[in-house]
Amino acid sequence: MRILLIEDEQSLAQAIKDHLMAQGEAVDWLPALADAEDTLRSTRYDIILLDLNLPDGNGITLLQNIRKRGDVTPCVILTAQDQISDRIKGLNAGADDYLVKPFDLGEMIARLAAVSRRYSGNPNPLMEIGNLEIDQANRLVFVSGRQIDLTAREWAVFDQLLRRPGAILSKRQLEDALYEFGAEIESNTVEVYISRLRKKIGPEPIRTVRGVGYRLEG
Amino acid sequence: MRILKMKNSLIIAIVTRVTVVMTLTWLLGCALALLVMQDEMGEAFDSGLQQTAHRILPLAVDYLFEHGDGPAPHRMPVTNSVPNDEFVAYQIRDAKGAVLVQSFEAGIGAFSAPLKPGFFEDDKFRYYTETTISDSLFIQVAEPVAHRHEALRESISAIIAPLVVLIPLSIIGIWWSVRRGLRPVTLLQEDIRNRGSGNMMPIDRPELPDELHPIVIAVNNLLARLKSALTAERNFAANSAHELRTPIAAALAQTQRLRAEMPAQDANTARAEHIETSLHRLKRLSEKLLQLSRAEAGVAVVGDLQDLSPALLLVIEDFSRDPRYIHRIAVDFTGHDTLLGKIDIDAFAICLRNVIENALIHSNDDDPVRIWASGGTEAIPASIHVANQSPVVPPRILAKLTERFERNNPSSKGSGLGLAIVDTIMQQAGGKLVLLSPAHNRDSGFEAVLQLPGDDNSAA
């Protein structure tokens with residue numbers, strides 16, 4: 001997934017970013033609202049992690065603005081404001097979930113996965129595709145009942161396909177899930193990871209649509 | 001209590017004083033009137049005696065001249081139609097005092113009055129003596145003193161009797177007038193009472209009399225200062241939360257990253273785990289201290305009934321998806337579509353979170369915690385019940401659980417602050433925290449009941 005993290009506390013932001021990247025997610029970190037507004041106009045993200053008390057304003061304003069212009073990117077609020085009324089305000093402004101600081105990084109990952117599943121139209125963390133069984137919450141994949149191990153990057157690509165089964169995802173969309181914003185990528189990186197995935201889960205589930213991209217057979 | 005209230009009542013004091021002064025004034029007025037009346041009546045009666053003497057004397061003298069040969073005393077004839085119960089009697093006496101002529105009522109023997117013109121009074125009669133024919137004949141007219149006394153008594157009764165009715169009527173009139181007159185004070189009193197429960201709006205009653213305006217101004221100034229102090233306290237609590245939570249969040253996240261990046265067998269793994277555990281404890285304790293500071297900042301008090309359902313659902317959802325407590329929360333809100341209470345929604349959430357957390361950590365990991373509602377009618381304000389299946393808490397300890405740092409089990413995982421915070425908030429809002437062990441209709445368990453404050457006029 002490509003995630004936008006908006007957080008002004010550097011130490012916390014760095015730890016969150018490192019943890020998400022270790023899970024194979026691509027993370028862009030911005031410490032202020034103004035930068036975030038600009039970036040969200042030009043780039044599509046799978047999830048926004050939004051702090052509320054930012055140096056140049058309140059995160060709720062940003063959320064209201066992007067919802068007003070029809071942007072439905074899932075948003076999870078990370079904040080030290082623990083009051084229920086703040087939370088109701090955040091949810092009413094269009095947030096999908098609300099994490100109060102301090103939180104466990106593991107809990108944050110679980111919440112992001114739950115929100116992501118909800119947006120994919122399949123809130124059930126357990127999926128079956130052919131002889132594949134996938135536990136999205138725990139990132140486990142079984143082929144004919146046998147568990148296989150995926151690296152973080154392999155999971156990131158596979159997760160993109162899992163969230164929209166049957167839909168064609170462009171190479172560019174899969175690249176976004178793989179790399180940090182602005183990072184250098186090789187031209188054949190997506191093909192390399194698709195090839196590795198096919199070796200592990202078999203060639204059938206992931207189909208190539210020539211000249212367009214890839215599709216997970218539903 | 002009622003007697004004390006009556007003693008301190010402004011209406012009672014004013015009515016009593018006005019009534020006493022008015023009654024005394026009336027009685028004094030009556031007494032003066034009676035004195036004057038007695039004097040005037042005496043003069044009128046005396047004048048009557050004089051006129052009677054003047055009118056009878058010529059007739060009596062003529063009669064004497066015509067019948068003077070007979071034995072004395074003579075009685076002048078009276079008409080049969082005149083009843084013989086007249087009050088005035090007379091005698092015609094010669095200069096030696098012998099009675100020559102007398103009326104029927106005069107009795108036997110001469111009057112005791114001396115033969116001297118003018119008035120004379122003994123125990124029974126008041127006399128008037130007049131002389132004629134060169135002081136050789138005297139007429140004496142007598143009237144019973146009792147007659148005069150009777151007239152005076154009747155006059156006193158005529159004056160006093162209406163007072164018996166008028167004084168109670170006056171008290172009722174004064175009571176009504178004073179109550180009407182003090183109506184602006186009652187209105188002001190109601191306004192100030194309403195301000196005591198979270199409503200910090202200034203009092204706006206331009207129609208109040210001039211005497212009350214200084215009070216309104218003073219109360220409004222006080223309300224403004226209170227509002228400002230309360231806002232400052234609340235802002236401080238909110239800012240403290242942010243300032244404290246963010247660095248703890250950063251330290252916890254960094255520690256968790258450190259642990260994740262350490263090789264499995266690293267010698268420092270245990271140390272990193274200790275740091276993480278300590279940070280978790282610090283997180284819990286700071287959370288409780290922030291809640292306590294909010295409770296003491298008076299966050300619970302609100303002016304109107306609040307819909308607490310969103311807070312109830314969000315707090316229960318938090319616990320339901322916490323991996324530590326998954327499948328342990330059993331909720332039954334049948335028949336309670338909305339939950340209303342006169343308490344701040346955040347303060348209510350703090351209370352609910354604490355009682356649920358308390359029930360979860362003080363019972364076995366597999367035992368359910370039941371949450372349900374009761375009341376919520378016009379007559380009975382709503383209550384939220386949270387019960388676990390813990391062993392029975394002895395009454396001695398149960399009574400002390402709302403004190404700070406008081407625990408049932410000293411080695412328990414609780415902070416010792418949760419129930420103290422709940423108790424403070426509920427009291428502040430006008431509600432109540434009730435602790436039961438065993439739980440209601442059970443042989444064991446611990447039950448916390450949040451009795452929510454209802455509306456002043458009709459319960460929630």
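Contact here means heavy atoms within 4.5 Å. Axes are lines fitted to C-alpha atoms, for helices over the stretch in contact, and angles run from 0 to 180 degrees between N-to-C directions. Helices (H or I, at least four residues) and strands (E, at least two) are DSSP runs, numbered from the N terminus.

This is a predicted model, where local features need pLDDT of at least 70, side-chain atom pairs count only at pLDDT 80 or more, and totals for chains, interfaces and linings use all residues. Residues are numbered from 1 along each chain as its sequence is written, and chains are lettered from A.

Let's start with chain A. Four of its strands make an open sheet, in the order 8-9-10-11 with antiparallel pairing; two strands pair if DSSP finds at least two bridges between them. Strand 8 (126-129) and strand 11 (146-148) of chain A sit at the edges with a single partner strand each, so one side of each has no neighbour in the sheet. From one strand to the next, the twist averages 25 degrees. Within this sheet, A:Val141 stands opposite A:Ile148 in strand 11 of chain A.

| Helix (chain A) | Lies across (chain A) | Angle |
|---|---|---|
| Helix 6 (residues 152-163) | strands 8, 9 and 10 | about 100 degrees to strand 9 |
| Helix 8 (residues 189-201) | strands 9, 10 and 11 | about 55 degrees to strand 10 |

Now for chain B. Strand 4 (residues 118-121) and strand 5 (residues 125-132) of chain B run antiparallel, joined by four bridges. They form a hairpin with three residues between them, and B:Phe120 stands opposite B:Tyr127 in strand 5 of chain B.

Note on methods
Heavy atoms only, no water.
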